[in-house]
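Hi,

Here is the structure I said I would pass on.

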Amino acid sequence: MQQPISGYHTDEEGHWVAQLACGHNQHVRHNPPWQERPWVITPEGRASMLGSQLECKKCDQSAPRDERP
Ligand SMILES: [Zn+2]
């Protein structure tokens with residue numbers, strides 16, 4: 001299910017995590033060449049992706065909402 005990004009936080013290892021409107025969290029690592037998300041590196045890039053939709057597999061699995069710091 002496509003869900004818009006409503007915010008961000010970092011996990012205990014410093015990786016960026018997108019907070020989706022559905023209540024789930026999703027890692028948005030920039031880890032080339034497997035995961036190319038250079039926008040997550042900068043505050044401007046992250047701001048520009050607010051409201052953009054990500055595929056949320058947790059919604060498809062009817063997973064409970066994730067905790068947020
Ligand atoms: Zn979700």
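W39 counts as buried, since its relative accessibility is 17% (buried means under 20% relative accessible area, exposed over 50%, partly exposed in between, with a 1.4 Å probe and protein chains only). Before you read on: this is a predicted model, in which local features need pLDDT of at least 70 and side-chain atom pairs count only at pLDDT 80 or more, while totals for chains, interfaces and linings use all residues. Residues are numbered from 1 along each chain as its sequence is written, and side-chain values use heavy atoms, with hydrogens and water left out.

Back to the rings. I paired rings of Phe, Tyr and Trp (its six-membered ring) if their centres lie within 6.5 Å; planes under 30 degrees apart count as stacked, over 60 as edge-to-face and the rest as tilted. That rule gives two aromatic pairs. In one of them, Y8 and W16 have ring centres 6.4 Å apart and planes at 90°, so this pair is edge-to-face. Y8 is buried at 18% relative accessibility, and W16 is partly exposed at 25%. Y8 also pairs with W39, this time tilted, with 6.4 Å centre to centre and 55° between the planes. Because Y8 lies in strand β1 (residues 2-10) and W39 in the loop between β3 (25-27) and α1 (43-49), that pair ties together parts that are 31 residues apart in sequence. Helices here are DSSP runs of H or I with at least four residues, strands are runs of E with at least two, and both are numbered from the N terminus. Taken together, the ring pairs link Y8, W16 and W39 into a cluster.

There is a charge to look at here too: R46 lies over the face of W16, 3.7 Å from the ring centre. For that I asked for NZ of Lys or CZ of Arg within 6 Å of the ring centre and within 35 degrees of the ring normal.

Next, the metal. Which residues hold the zinc ion? Its protein donors are C22 (SG), H24 (ND1), C56 (SG) and C59 (SG), at 1.9 to 2.3 Å. Donors are N, O and S atoms within 2.8 Å of the metal (3.2 Å for Na, K and Ca), and water is not among the atoms, so sites may look incomplete. Along the chain the zinc donors follow the spacing C-x1-H-x31-C-x2-C. H24, in the loop between β2 (16-20) and β3, and C59, in helix α2 (residues 57-60), link distant parts of the chain, 35 residues apart.

For reference, the ideal angle for four tetrahedral donors is 109.5 degrees.

As for the fold, the protein chain has two helices and four strands, in the order β-β-β-α-β-α along the sequence. Its radius of gyration is 12 Å, close to the 11 Å that the globule rule gives for 69 residues, so the chain is as compact as a globular protein of that length. The radius is taken over C-alpha atoms, and the rule is 2.2 Å times the number of residues to the power 0.38. Those C-alpha atoms fill a box of roughly 30 × 25 × 20 Å along the principal axes. Of the 69 residues, 33% count as buried. Among contacts with a separation of 6 or more, 50% come from residues 24 or more positions apart, where contact means heavy atoms within 4.5 Å.

A couple of backbone details for your checks. P32 and P33 are joined by a cis peptide bond, with omega about 0°, and P33 is found in the loop between β3 and α1. S62, in the segment after α2, has a positive phi near 55° although this residue is not glycine. S62 is also exposed, with a relative accessible area of 66%. In general, most residues other than glycine have a negative phi, and most peptide bonds are trans.

Cheers
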